Amino acid sequence: MKGVEDMATLVGKSRILAIRDRLGVKPGQLYIDGQWRDGGEGRYDQIHPATNEVVTSFAEAGRSGVDAAVAAARRAFDEGPWPHLAARERKRILQPIVEAIYAAEEEIAHLQTLDNGMPISFSLSGRVSGRVAADMFDHYAGWIDKITGETFPQYSGATNMHYMTFREAVGVVAAITPWNGPVMTFAMKVAPALACGNVVVLKPSELAGLAIARLADILAQSDLPPGVFNLVTGGPATGEALSTHTGVDKVSFTGSPVVGEKIMSTAGRNMKRLTLELGGKSAALVFPDTRDVRTAARNLMGLCSTFLSGQVCSTPTRALVHRSILDEFVHYAQEQVQEVKFGDPFDPATTSAPIISKRQLERVLSYVAIGQEEGARLVFGGDQPGGDLAGGNWVSPALFVDVDNRMRIAQEEIFGPILCVIPFEEESDAIHMANDSDYGLSGGIYTTDLSRAFRVAKAMRTGSVGINGYSVMPNSPAGGIKRSGLGREGGWATIEEFTEIKTVMLNLDA
Ligand code: NAD
């Protein structure tokens, strides 16, 4: 394989900071009760993963900031107009937000790349772009006048009652988002929550707050009443203060399973509603009747090696490949990785992101060692480029073969550019191995046999499955089972997550 240094454009240290200055980035504040304000409990730095330079600082909201935000949200929900606004009025407030996000999409994309090193080409037009965030607000603004209940036929003649249900807002929503798709995860939570009449306190990842601060400013400039949307920045302590707050009715969390489990274990205190979008160790099954092994191999290696370099929850990091096409698969995976281009994340030619933090880089490298200790064979990658890239958290995409599905590298979420290739002979073995996982987020099937495609898709224990490709849309649900989470985001499924059903009965004889 060609050395990663050869393929890299140089990362000019000052380039990141020059773009920051061009975008007019200011130190972050909290947004509470309709006001941008300082405060909280100290400040922390946000570091760029491509160079490890400090980009800016944010306020750590801490318990006091969270208390203030939840109090404002409680007032807005318990005493304010938002939950009771007529559908047309709520739509009238959300629609200009859609237009404002569309208008700012390029700036939002640049801020997202400044946040987490996502290559600008993906940030501008990929599935986590500002445009998709605007689409998400547009989609949910469209639901507002269609959130209906049901009526029921009389069950017996004992009473003469008319039964009906209403869908009502859940209340104060704590939205907690990860670093990897800040723009998309913001929109996936805030848009449906507001559409249903909830109020929101959002905490972005401490690793990626800039694009979300810009989106929050769009909401600040809208006609949302004070307290309906609030932003608290900070790390795990602030997240914990928010997710355990008894003034919160629901937590909508996207992040790691470890934190998701903590949130679930404390939510019982006041019976908080939960949506948990957690990690994955998804499998893609490549059958010998796939249209073209090259496409399958390039797709799967590409998902691990480009965009966020495998730091995406739904990435299939286990390639279950029929033994008869194994060598061909590895050959084309190697071909794909030659096209990986590290370097300046704002260069449209850059294909791949650095690892988000030094700590996570250590974790990824530790799994490269673990895989070899377990007896898997590293075909390529797993090393750190030097030269101009040495200051950042770069690691070259790695491919393991001779992997046993019970090995740690095949069972644990690594969150980095490592693809494990596991051979199979029979369809039933492939299904068994795909399901032999603590996780169940996404999955893939490569075949031209339609019956096989549906048979295997139905047998896979996951929240979603892509047949010969995978993509998410604002109007279709995604989410996980087992350790991958609870609930669904996208389309009507999210309306259900953000509403409570109230049954009202009327005695027709009274
Ligand atoms: P993370 O769990 O470390 O952090 C996520 C958020 O939780 C951050 O805002 C963080 O500050 C906050 N947090 C940390 N400790 C907390 C606590 N005790 N209580 C409340 N909040 C706390 O995850 P991450 O590194 O930002 O993101 C990567 C993880 O997210 C991966 O596991 C990935 O698979 C998952 N993810 C899942 C989806 C999905 O849709 N299923 C999407 C993106 C990312």
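Colleague: Which elements do the buried residues of α10 pack against?

Modeller: This is a predicted model. In α10, the buried residues are T238, G239, A241, L242 and S243, each with under 20% relative accessible area. Contact here means heavy atoms within 4.5 Å. The elements that these residues pack against are α3 (62-78), β7 (172-176), β8 (199-203), β10 and α11.

Colleague: How many residues surround the ligand?

Modeller: A residue belongs to this group if one of its heavy atoms lies within 4 Å. The closest are K203, E206, S256, L278 and E413. The shell divides into 13 nonpolar, 10 polar and 6 charged residues. The number that surround the ligand is 29.

Colleague: Which domains give at least three residues each to the shell around the ligand?

Modeller: The bounds come from an automatic or database domain assignment. At least three residues of the shell are drawn from each of domain 1 (15-278 + 485-502) and domain 2 (283-480).

Colleague: What is the distance between a polar side-chain atom of S256 and an oxygen atom of the ligand?

Modeller: A polar contact is a pair of N or O atoms within 3.5 Å. An N or O atom in the side chain of E413 is 2.7 Å from a ligand oxygen atom, and a polar backbone atom of T177 is 2.8 Å from one. For the polar side-chain atom of S256, the distance to an oxygen atom of the ligand is 2.6 Å.

Colleague: What share of the area that the ligand exposes when taken alone does the protein bury?

Modeller: Taken alone, the ligand exposes 850 Å². Of that area, the protein buries 87%.

How values were computed. Residues numbered from 1 in each chain as written. Predicted model: local features only at pLDDT ≥ 70, side-chain atom pairs only at ≥ 80, totals over all residues. Heavy atoms only, no water. Polar contact = N/O pair within 3.5 Å; in protein donor to acceptor, adjacent residues only side chain to side chain. Areas by Shrake-Rupley, 256 points an atom, 1.4 Å probe, with all protein chains shown as cover. Nonpolar A, V, L, I, M, F, W, Y, C, P; charged D, E, K, R; others polar. Buried < 20%, exposed > 50% of the residue type's maximum accessible area, 1.4 Å probe, protein only. Helix = DSSP H or I, 4+ residues; strand = E, 2+ residues; numbered from the N terminus.
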